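Please open the structure in a viewer and keep the selection panel at hand.

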Amino acid sequence: MSKIDFSPLYYGPNPPQPTPFDRLYAITHFIMPNFGTMDWDWQSREQVNDNLIKLQDETQNLNDDIMLYIHVPYCKSFCHYCNFNKNHYPRQSQDRLDLYVDYLIKEIDWYMAQPYVQARNFTAIYIGGGTPSTLSHKGMERLFTHLKQVVPKYDRLEKTFTGEPRSFKDIEKLKIVKDFGFDRVTFGIETFDPVLRKQIGRVDKQEDIDALFTGLEQINYKGDRCVDLMYDLPGQTFDGFAKDLETLVTQYKPEEADLFGTVYLPYRPMHKLIMKERLEQPGTMWQLLAMREFGYDYMIRHGYHNTIAETFSQNSKPSQYQTAHCGRQDIIGVGCAARGNVKDMVSINPDKIEDYIANIDAYGVSSTTMQPIGMSGVLDRLMVMFPRFKEIDKSLLAKFKDCDRYEPAMKILESHIQSGCTEDEGDRYTINKLGVVWHGNLQTDYMSHTLNTQGKMLLKCISDKKKHFARDVRFGTNFVTKFILGNPELFPLLMK
Ligand code: SF4
């Protein structure tokens, strides 16, 4: 297919609406384990131990850079759309939060003692969740003090702390975050529409968001304020989303905004509420494309850079965390359900707090899944994340020339150049605006060969054929949704 002329393609009075694919995959693939497979192998304890021992050897790295991700799996309320690993905030027993911090510290210490970790160049710490701002003042100070003591170059690292406006607006917490040098704070707004907020299960109010922004101003916070906004919500209109964007950019002026398309999966409460007709259907697939393209154009017009597919930043480069998340750095995963990428190995920690604690008591580290994926697996990960990261150097790809996945991946890349979504820029390939709008499709093409039956079922739920793009009713109950609903344990909750 020849290249498509841009702007605007999907919104405005008479949009031309060309489509480079016959089916739209509506989401960003950051929810799949290992960023490239649903085919997660069970490992014996002996195998896991052998794999963990490899961290005593500081060589065989794929990346020089490494970052530390720490997961805090508690939330004061559960949002209907959320698929992250989370537990109810222990209102009756704050000791459980303190105990959890104890175990985070133990696991951090285990990783820090590994020669492989010590030999890497630390770039970033990211504390995500769940809701890290549910930690007590004492818990935050204890965790941060420890990180400052044991993580190399702590003062020079990029440091991100995630909060939720109700618990994060606490001025003492904001001061602690600032005093320990966190230069990025991130929190979800999702939408300013009070009706939609209620429908998607956001208990916090716009007053909480205001209080958080005001608090950051009061303490003279100079770091980046990063927020999430969602589109394609149930009953949300194009004009409603446009109004949200305007409010965000003119009233709050965050340094960074992630514009996330809503992920509809049958085991999430929001999808269930739609199927039970207790929530409206989202708009058509055409509206989804229009919102995504409009969001891109709006943010660029207002001086933001599209650093990775869904992220718009006043900085021109992706953060260290985003760079690592897109497969370009190693990641140490600490905490429940945290994911790690070290050497050519991947790992997801246990998602239940009791299992997490028991493993650390027994082995010092919680992973029961640490396993090599080989160079082909690493190439898969790079290619699946390429449409998000938006560029890949040919010199990096050349390192994988001997992998059996190299030729198939290059064929897919060539087809994306033909469809007008990817550009050949001499020494690298890049993703253009059309590719950003369709990045779920590009990711899926690189990933689909790795999917098992569950993965293929999920793809059916998150996509639609072009002939249905104008259909008002996006979701209904069918064999696939019934199977997923009946077997939720096959479809795990994951870290961000
Ligand atoms: S979106 Fe954030 S606050 Fe809401 S349930 Fe998920 S992790 Fe918790």
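What follows is a sequence of selections, each with a description of what is found there.

The structure is a predicted model, in which local features need pLDDT of at least 70 and side-chain atom pairs count only at pLDDT 80 or more, while totals for chains, interfaces and linings use all residues. Residues are numbered from 1 along each chain as its sequence is written, and side-chain values use heavy atoms, with hydrogens and water left out.

**The ligand**

Select the ligand first. Its surroundings comprise Cys75, Ser77, Phe78, Cys79, Tyr81, Cys82, Lys86, Gly130 and Thr131, where a residue is near a molecule if one of its heavy atoms lies within 4 Å of it. Sorted by class, this shell holds five nonpolar, three polar and one charged residues; Ala, Val, Leu, Ile, Met, Phe, Trp, Tyr, Cys and Pro count as nonpolar, Asp, Glu, Lys and Arg as charged, and the others, Gly among them, as polar.

**Salt bridges**

Next, display the charged side chains. The whole structure contains 20 salt bridges, a salt bridge being a side-chain nitrogen of Lys or Arg within 4 Å of a carboxyl oxygen of Asp or Glu.

Select Lys138 and Asp98, whose side chains form a salt bridge at 3.9 Å, N to O. Lys138 belongs to helix H4 (residues 137–150) and Asp98 to helix H2 (residues 95–112), so the pair ties together parts that are 40 residues apart in sequence. Helices (H or I, at least four residues) and strands (E, at least two) are DSSP runs, numbered from the N terminus. Lys138 counts as exposed because its relative accessibility is 54%, whereas Asp98, at 18%, counts as buried. Here buried means under 20% relative accessible area, exposed over 50%, and partly exposed in between (1.4 Å probe, protein chains only).

Move on to Lys148 and Asp155, joined by a salt bridge of 3.0 Å, N to O. Lys148 is partly exposed, with a relative accessible area of 41%, and Asp155 is exposed at 59%.

Then select Asp380 and Arg405, which meet in a salt bridge of 3.5 Å, N to O. This pair links distant parts of the chain, 25 residues apart: Asp380 is in helix H14 (residues 374–389), and Arg405 is in the loop between helix H15 (394–398) and helix H16 (406–418). Is Asp380 buried or exposed? At 11% relative accessibility, Asp380 counts as buried, and Arg405 is buried at 15%. Elsewhere, salt bridges that share partners join Glu190, Arg197, Arg202 and Asp204 into one network.

Select Thr422, in strand S17 (residues 422–424). Its relative accessibility of 1% is why Thr422 counts as buried. Which residues does Thr422 touch, not counting those up to four places away in sequence? They are Phe386, Leu413, His416, Ile417, Tyr429, Thr430, Ile431, Asn432 and Leu442, with contact meaning heavy atoms within 4.5 Å.

Thr247 is the next selection, located in helix H9 (residues 238–252). Thr247 is buried at 17% relative accessibility. Apart from residues up to four places away in sequence, Thr247 touches Phe192 and Tyr252.

Finish at Asp22, in the segment before strand S1 (23–25). Asp22 is exposed, with a relative accessible area of 62%. Beyond its neighbours within four places in sequence, Asp22 is in contact with Asp464, Lys465 and Lys466. To place Asp22 in the model, draw a distance to Ile53, 31 residues apart from Asp22 along the chain: their C-alpha atoms are separated by 47 Å.
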